[in-house]
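I opened this notebook to record what I looked up in the structure, entry by entry.

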2 protein chains.
Amino acid sequence: MENIIISKDNPVLKLYRRLSSSKKERARYGLFVLEGFRIVRDAVRENAALHSLILTEQAAGRFSELTEDHRGDARRIIISDELGRRISSTQTPQGVFAICHIPRDRTVIFGDNGRYIALCGLQDPGNLGMIIRTADALGIDGALLCGCCDLYSPKTIRSTMGSVFRMRISLTDSEEDLFGLLSSNGVETSAAVIDKDAEEISSCGFSGRQAVLIGNEGSGLSSETAARCTRRVTIPMNGTIDSLNAAMAAGILMWELRK
Amino acid sequence: MENIIISKDNPVLKLYRRLSSSKKERARYGLFVLEGFRIVRDAVRENAALHSLILTEQAAGRFSELTEDHRGDARRIIISDELGRRISSTQTPQGVFAICHIPRDRTVIFGDNGRYIALCGLQDPGNLGMIIRTADALGIDGALLCGCCDLYSPKTIRSTMGSVFRMRISLTDSEEDLFGLLSSNGVETSAAVIDKDAEEISSCGFSGRQAVLIGNEGSGLSSETAARCTRRVTIPMNGTIDSLNAAMAAGILMWELRK
């Protein structure tokens, strides 16, 4: 029988809480947290580099497959159900948590006819996560993030529904870096804009390496950023920039991009 | 200077609270509630039949355009900021509320080459609202709802972002009614399924009146429902039914449907 941790001062739990609430701490340690059976199971299945698996007493019995399936060297700890409720960010916790290494080897690879999405300044974790999930489902070859909200925050991770472990994702520090990376790899760029005079996305006929750039939910791409792209593309629609949710617009653009 | 209502027993406020929390009460009175400047402004702009406009003292000064722009005969009441916080369902209330008549004359019209979306058993208000919003943005001619969560709940209404006042929407009581309505109007039906053997949505070449049917988030359309449709269509993707969020899948299907 394993020891059951009941102290909130346990160092792994203290680390979990720090990582859960602070982007700075995540960057400092190169670690992020997972909560919930489904996302932890996805991490185990995709052989993500787990640092620790944390299960409540109750969950340890119910989800024993998680530790059986795990092939890495994650430390496994069992905590009291009470501590599980304390560290959980949900109202009905499943008692399944993990600490995971931020991957260093899952950056974007630029292959023949590669199709990419570049996200500039997205601020909503739910949108960012849903776009990563959709990119994965639609077979987009990689996502490049520039000035977005933190990919490794609990909210974003949750809304990727496990796609964060499957997608190739590169984080760039500035638009200089983003455009440098794309142009040095021979990627043509299309700025997604709301403008009746831009090319309709469905008549673009993409060939070769192609990236679509998508801007902030409220304000879109800046005109300077759009001007740096090879072309400007649009989704014909009724209404204004708010008419399509940013993730929905990204989904339709990616759907056309991969055709 | 108008009277400022400070009693929570004011009949309009009591009605607001009942409508806010109960589908049964909404059906009984044929009314639903709106909260927030943007959605109330959309209702005013679209000439929705407002029963009452409710503003907090603070909001009455800040958003005076709402009452100036309103051309109907809604009753306007001013409440204390404290009461505004009480009836609000958000953490940072704007103090703008309305009670609105459920429209009776905005049902779906079946015109030449009409393109429709039929939603069967959707249970997530955010998904339902986002689909209505996307249908509006993409120029879909109408939405038919069957066995879905309540269109007029505050959550669904909020996530339509005002499209509920612009879209033509019909509620049907059963699948019998839904298929009866579609077939008597000469609408061809396509069941959206996850099945590699179904027709790829992008190669369907829709013509004439067409509806795509979309099922519940977790379980999709039942095989009986799918079998009643003219054909079966699919979005080719990696992974399982969970890979695309239901609203995202609906968005891509509607995008192809309107081509």
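Predicted model: local features only at pLDDT ≥ 70, side-chain atom pairs only at ≥ 80, totals over all residues.

The entries below concern domains, the sheet, the helices across it, and the pair of chains.

**Entry 1. Domains of chain A.** I looked up the division of chain A and found domain 1 at 4–101 and domain 2 at 115–257. I then read the separation of the C-alpha centres of domain 1 of chain A and domain 2 of chain A, which is 31 Å. To the contact between them, domain 1 of chain A gives 13 residues and domain 2 of chain A gives 9 residues.

I next asked which elements give two or more residues to the side of domain 1 of chain A that touches domain 2 of chain A. They are α2 (23–29), β2 (31–35) and α3 (37–45) of chain A. The largest share of that side, 4 residues, comes from β2(A). By class, I recorded 6 nonpolar, 2 polar and 5 charged residues on this side of domain 1 of chain A.

**Entry 2. The sheet.** I traced an open sheet of 5 strands in chain A, with the order β1-β4-β3-β5-β2 and mixed pairing. β1 (4–5) and β2 of chain A are at the edges; each has a single partner strand, so one side of each is left without a neighbour in the sheet.

I followed β1(A) to its pairing with strand β4 (residues 75–79) of chain A, which is parallel and runs over 2 bridges. Within β4(A), Ile79(A) is the residue that stands opposite Ile5(A).

**Entry 3. Helices across the sheet.** I looked up helix α1 (residues 11–21) of chain A, which lies across β2, β3 (50–56), β4 and β5 (96–101) of chain A. Its direction is at about 95° to β2(A). I then turned to α3(A), which lies across β2, β3 and β5 of chain A and runs at about 40° to β5(A).

**Entry 4. The two chains.** I asked how chain B can be laid on chain A. The same surface serves both copies, as 100% of the contact residues of chain B recur in chain A.

**Entry 5. The contact between chains.** I found 20 residues of chain B in contact with 20 residues of chain A. On the side of chain B that touches chain A, α7 (125–138) and α11 (246–257) of chain B each supply at least two residues. The largest share of this side, 5 residues, comes from α7(B).

Definitions and conventions. Residues numbered from 1 in each chain as written. Chains lettered and ligands numbered in written order. Domains from an automatic or database assignment. Contact = placed C-beta atoms within 7 Å. Nonpolar A, V, L, I, M, F, W, Y, C, P; charged D, E, K, R; others polar. Least-squares fit on C-alpha atoms with pLDDT ≥ 70 in both. Pairing = 2+ DSSP bridges. Axes fitted to C-alpha atoms, helices over the stretch in contact; angles between N-to-C directions.
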